[in-house]
Amino acid sequence: MEKNANTEIISVSEYLDKLNLNLKGQKAKIIGEVTGVQEYPGRSYLYFSIKDSKDGSTMKCFMWKRDFAISGVALRDGLEVVVTAFPSVYKPNGGLTLQVELVELVGEGALQIAYEKLKKKLELEGLFSAERKRNLPEYPHKIGVITSKSGAVINDFLTNIGKFGFEILFVDSKVEGQDAVKDLLSAVETLRKEDIDVLVIMRGGGSLESFQAFNNEVLIRAVASFPVPVLTGIGHDKDAPLVSMVSDKNVSTPTAVANILNSSWNDAVHKVNMSEEKILSQFEKLFETFRRAEDTLLRSVDRIESSIVRSYDTVSVYAKDLLANFSGALENTEEWLVQSGKLLELSNPIRQLSQGYSIVRSKGKVIRCVKDVKVGDILEMTVSDGQIKTKTI
Amino acid sequence: MKKQNEKTNKVNLNETLKKLAGIVSWFEDQTELDVEKGLEYVKEGAQLIKSSRERLSEIENEFKEIKKSIL
């Protein structure tokens with residue numbers, strides 16, 4: 001048997017494996033109307049068909065429910081969609097099915113309806129309420145950033161983010177169209193495991209269609225349940241992407257995102273500068289106070305010196321006064337004693353006796369007049385040198 | 001404790017000078033001097049003058065040291 005690629009005989013299974021491998025390369029975006037949706041509750045897959053609206057051509061579609069959930073499109077008969085899919089032959093029955101990876105709505109109108117419907121649903125759940133919004137950390141340091149590495153957004157962000165020692169964990173992701181959902185979800189999940197202070201999701205402006213990924217329910221819920229505050233910078237003209245409505249803070253440009261992250265640090269730098277000025281000025285005041293105190297002290301040296309001299313003088317004056325006063329007082333006392341002595345001397349009756357006077361007593365009493373004595377009384381006369389006794393007749 | 005005692009035992013110049021002034025003025029006010037009392041005051045005054053001079057001398061020395069350190 002010849003081993004020729006064209007003539008090699010292989011089994012049905014082997015042939016289908018080979019065929020399916022080749023068919024995987026035939027991935028395409030196919031537009032059609034949805035028919036015959038079979039969701040099979042409890043199973044991990046679903047079936048539906050898409051039909052060409054012009055000639056009725058139909059293809060059966062297989063889709064994993066995981067991908068279906070990410071697509072976020074509620075399938076119903078007659079709905080026009082674009083599926084991203086590749087063909088595959090189902091080996092047990094040889095049937096050709098489209099393996100659908102993504103379903104997207106077609107047309108602004110349909111997108112608008114889906115947008116409004118989801119918005120209302122999430123609003124009712126309270127996902128957009130102000131109470132849910134968390135404050136951004138005061139001084140964010142580790143920042144998770146999700147956006148496309150190509151494009152102006154990341155450049156604008158990096159140009160405007162301040163030099164405050166930010167640690168940026170960047171995860172590249174598609175941000176355009178519905179295709180971006182898987183990338184974005186994967187990026188969010190990657191950063192969910194990282195130790196970051198804030199998550200930033202950015203993309204530039206665009207049409208409602210180009211924003212489809214940012215209106216995806218799975219992505220919205222992933223952002224809503226993110227463990228740290230989420231800051232979005234998603235530009236838009238009319239309808240705000242739902243991811244930006246569920247985030248904790250939204251601005252429309254990457255420059256604004258950078259400014260928000262910079263703001264507290266700028267304030268801190270300003271505060272530090274102000275404090276520095278204040279401290280320096282306080283020190284200047286303190287130095288001035290010391291200078292003045294020193295001047296006063298130096299001036300007071302002279303005053304203290306004179307005060308000491310004055311005190312010495314005062315003590316000397318007191319000493320002199322005290323001595324003078326007391327000496328004077330003693331002299332006065334002595335003089336008084338002398339004068340008193342003289343006076344006493346002058347008044348001494350004994351002194352009169354020497355001049356011829358005498359003191360006459362009768363029975364011890366001094367006789368001052370004639371009636372003080374009777375005839376026969378004995379009289380005692382004291383003279384300067386003794387006594388004379390006599391009798392009255 | 002010792003320092004505190006030293007401090008409390010220190011003569012207060014102002015108070016001493018006030019007492020001296022009081023004694024001098026007592027003498028000046030007397031028309032008839034009580035010599036006994038006057039003697040007591042003279043003794044007290046002499047003691048106050050002695051301690052004032054000693055304290056002044058201490059103050060002067062202390063001040064000279066301070067002056068050296070700031071000029």
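This is a predicted model: local features need pLDDT of at least 70, side-chain atom pairs count only at pLDDT 80 or more; totals for chains, interfaces and linings use all residues.
Start by selecting β11, β12, β13 and β14 of chain A. These four strands make up an open sheet, ordered β12-β11-β13-β14, with antiparallel pairing. Colour residues 365-366 and 386-391 of chain A, which are β12 and β14. Both are edge strands with a single partner strand each, so one side of β12(A) and one side of β14(A) has no neighbour in the sheet.

**From β11 to β12**

Next select residues 359-362 of chain A, which form β11. β11(A) is joined to β12(A) by two bridges, and the two strands run antiparallel. To follow the pairing residue by residue, show A:Arg361, whose bridge partner in β12(A) is A:Val366. Then show A:Ser362, which has A:Lys365 of β12(A) opposite.

Now move to the turn of this hairpin, where two residues lie between β11(A) and β12(A). A:Lys363 is not a glycine, yet its phi is positive, about 50°. A:Lys363 counts as exposed because it has 10 C-beta neighbours inside 10 Å, and the cut-off for exposed is 12 or fewer.

One pair to display is A:Val360 with A:Met381, the residue opposite in β13(A).

A:Tyr40 is another non-glycine residue with a positive phi, here about 45°. Is A:Tyr40 buried or exposed? It counts as exposed, because 10 C-beta neighbours lie inside 10 Å.

**Where chain B touches chain A**

Finally, show both chains and select the residues in contact: 22 from chain B and 18 from chain A. On the chain B side, the elements that give two or more residues are α2 (13-29) and α3 (35-70). Colour α3(B) separately, as this helix gives the most to that side, with 13 residues. Then colour the chain B side by residue class: 15 residues are nonpolar, three are polar and four are charged.

Technical notes:
Residues are numbered from 1 along each chain as its sequence is written. Chains are lettered from A and ligands numbered from 1 in the order in which they are written. Two strands pair if DSSP finds at least two bridges between them. Two residues are in contact if their C-beta atoms, placed from the backbone, lie within 7 Å. Ala, Val, Leu, Ile, Met, Phe, Trp, Tyr, Cys and Pro count as nonpolar, Asp, Glu, Lys and Arg as charged, and the others, Gly among them, as polar. A residue is buried if 20 or more other C-beta atoms lie within 10 Å of its own, exposed if 12 or fewer, and partly exposed in between; C-beta atoms are placed from the backbone.
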